[in-house]
Amino acid sequence: MADSEFDYEGTLEACARGDKGAFQRLYQREAGQMLGLAITLLGRRDQAEDCLHDALVKVWHNADRFDRSLGQGRAWIYSILRYRALNQLRSRGRLVDTDDGFIEQMADDSAQAEDIASDQSEGRELRRCLRQLERPRRHPILLAFYRGLTHEQIASRLTTPLGTIKGRIRAGLRALQECLQA
Amino acid sequence: MIPEAIEPRRALIGEYVLGLLEEPEASEVRELIAQDRDAARMALEWEQHLLELADELPPQTPSLVLWERVQQSLGWTPASQATAADAFAGWWNNLGLWRLTSGALALLVLLSWLPGVMRDAPSSASFTAVLQVPGESAKPGWVVTVDGDGTLNLQSLVADQIPANQSVQFWTLIDPKDGPRSLGLIEPGKGTTLSAEQIGAVQAGQLFELTLEPEGGSPLNRPTGPVLYIGRAVLIASN
């Protein structure tokens, strides 16, 4: 979970200056959550740990390329992790059997007035906006995020024509950005 | 073709961040993000929003060797140490396992009075190790006893639920130079007995641990999953 007290940007800048202690603090703060996501994407702990290892090494080596005027440090770190995980998934070329129960649950999770209020008060903008999408637009976005599936894989998982899936994702993302910018 | 208008462009970058674009479109967007600060900002904005989804997932404790591996890859530890055995040795030395702990010792003393935990009149040295949740001295889970004949007995104090597609594996480490040695898979909540031949000579300070591994055990000759319980052998009697 993001810790609002933790200074991700300052920590990355310290890493760029070669501060090993800062990197270790970042590891202690974030490695568990990063591993949780990598395991969900890759389906296997050993591969997820390899992915996390590679991502962390990259974070250290590229820390000097982080620029706080472009965005938040934690987002930058996860962009590296997810990029690695997606490459690993693509090069593996086959899917793991996964239990998508929690994704189904989130896909079913339509907007209720009280949820929207609590999401808003807790700053969960994306959850709030996702809930406002219709299920057929929400579900493929969740499959892409949590399982790293391609358009084709999503189409076959949901037994829906490829063109329809592409259109729904695009429309879903546009609706999301409208809601997020509002 | 990357749209010029802001909103379609932002949506396309969202697709890229989700990993949905294929070549050559993916490369085009990647290049745009590398060159155009506004595009880079949009990509990080998407990533920032998507963090909410990542944070819905429970964190997972990395295996203890991961931090050692990362340090080795960064060249922070001498190259001569770049082996799994030494990674293991790193946390052997670093984790303050010797702090294991006043609680464990108190329990040990208590156990030593229980019948069955200690064998009668050992013919040679006997040992006990209380295996605890790492970093939580008040959570003993298993007890290892090695009697005077060298027979090892592992007893459970807890009934943990293990996911159906995973296994619990029992390990020991005598000398960090040799690396950890598997002592086989363990049924959660059930103990096991190993003969002196299987276990070899036990020494004071020898490390025992249980790790969570893929079904059927670690694919490597070292633990790959998180440590569930860990403890060191303590000499309780010698003749």
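Predicted model: local features only at pLDDT ≥ 70, side-chain atom pairs only at ≥ 80, totals over all residues.
Chain A accordingly holds 10 helices and zero strands. Chain B, by comparison, has seven helices and nine strands.

Chain A has 182 residues, of which 40% count as buried. Chain B has 239 residues, and 39% of these count as buried. When the contacts of chain A between residues at least 6 apart in sequence are considered, 60% join residues at least 24 apart. In chain B, residues 24 or more positions apart account for 63% of the contacts with a separation of 6 or more.

Leaving aside residues up to four places away in sequence, A:Ala38 touches A:Ala48, A:Cys51, A:Leu52, A:Leu81 and A:Ala85.

The next topic is the contact between the chains. Chain A brings 44 residues to this contact and chain B brings 39 residues. On the side of chain A that touches chain B, at least two residues each are supplied by H2, helix H3 (45–62), helix H4 (73–92), helix H7 (125–132), H8 and helix H10 (162–181). The largest share of that side, 10 residues, comes from H2(A). By class, the side of chain A that touches chain B is made up of 22 nonpolar, 12 polar and 10 charged residues.

One residue of chain A shows this meeting of chains in detail. A:Ala144 lies in helix H8 of chain A. Is A:Ala144 buried or exposed? A:Ala144 counts as buried because it has 25 C-beta neighbours inside 10 Å, where 20 or more are required. Its contacts, not counting residues up to four places away in sequence, are A:Leu149 and A:Ile154 in chain A, and B:Leu18, B:Gly19 and B:Leu20 in chain B. A:Ala144 and A:Ile154 stand 10 residues apart in sequence, with 7.6 Å between their C-alpha atoms.

Helix H8 also has a partner within chain A. Helix H5 (residues 101–108) and helix H8 (residues 135–147) of chain A pack at an angle of about 145 degrees, and their axes are 9 Å apart. The crossing of H5(A) and H8(A) is right-handed. From H5(A), the residues A:Ile103, A:Met106, A:Ala107 and A:Asp108 meet A:Arg135, A:Arg138, A:His139, A:Leu142, A:Leu143 and A:Tyr146 of H8(A). This contact consists of six nonpolar, one polar and three charged residues.

In chain B, helix H1 covers residues 6–17 and has 12 residues. From its first C-alpha to its last, H1(B) reaches 16 Å, close to the 16 Å expected at 1.5 Å a residue. The buried residues of H1(B) are B:Arg10, B:Ala11, B:Leu12, B:Ile13, B:Gly14, B:Glu15, B:Tyr16 and B:Val17. Their cover includes H10 of chain A, together with helix H2 (25–35) and H3 of chain B. Just after H1(B), B:Gly19 takes a positive phi of about 85 degrees; B:Gly19 is also one of the residues that A:Ala144 touches.

Helix H3 of chain B, residues 37–54, has 18 residues and reaches 25 Å between its first and last C-alpha, close to the 26 Å expected at 1.5 Å a residue. Its buried residues include B:Met42, B:Leu44, B:Trp46, B:Leu50 and B:Leu51, along with B:Glu45, B:Glu47, B:Gln48 and B:His49.

B:Gln166 lies in strand S4, residues 166–173. B:Gln166 is partly exposed because 15 other C-beta atoms lie within 10 Å. Not counting residues up to four places away in sequence, B:Gln166 touches B:Leu212, B:Glu213, B:Pro214 and B:Glu215. B:Gln166 and B:Gly216 are 50 residues apart in sequence, yet 7.4 Å apart in space, C-alpha to C-alpha.

Notes:
Residues numbered from 1 in each chain as written. Chains lettered and ligands numbered in written order. Contact = placed C-beta atoms within 7 Å. Helix = DSSP H or I, 4+ residues; strand = E, 2+ residues; numbered from the N terminus. Buried ≥ 20, exposed ≤ 12 C-beta atoms within 10 Å, placed from the backbone. Expected span 1.5 Å × (residues − 1). Axes fitted to C-alpha atoms, helices over the stretch in contact; angles between N-to-C directions. Left-handed = near helix turned anticlockwise from the far one by under 90°. Nonpolar A, V, L, I, M, F, W, Y, C, P; charged D, E, K, R; others polar.
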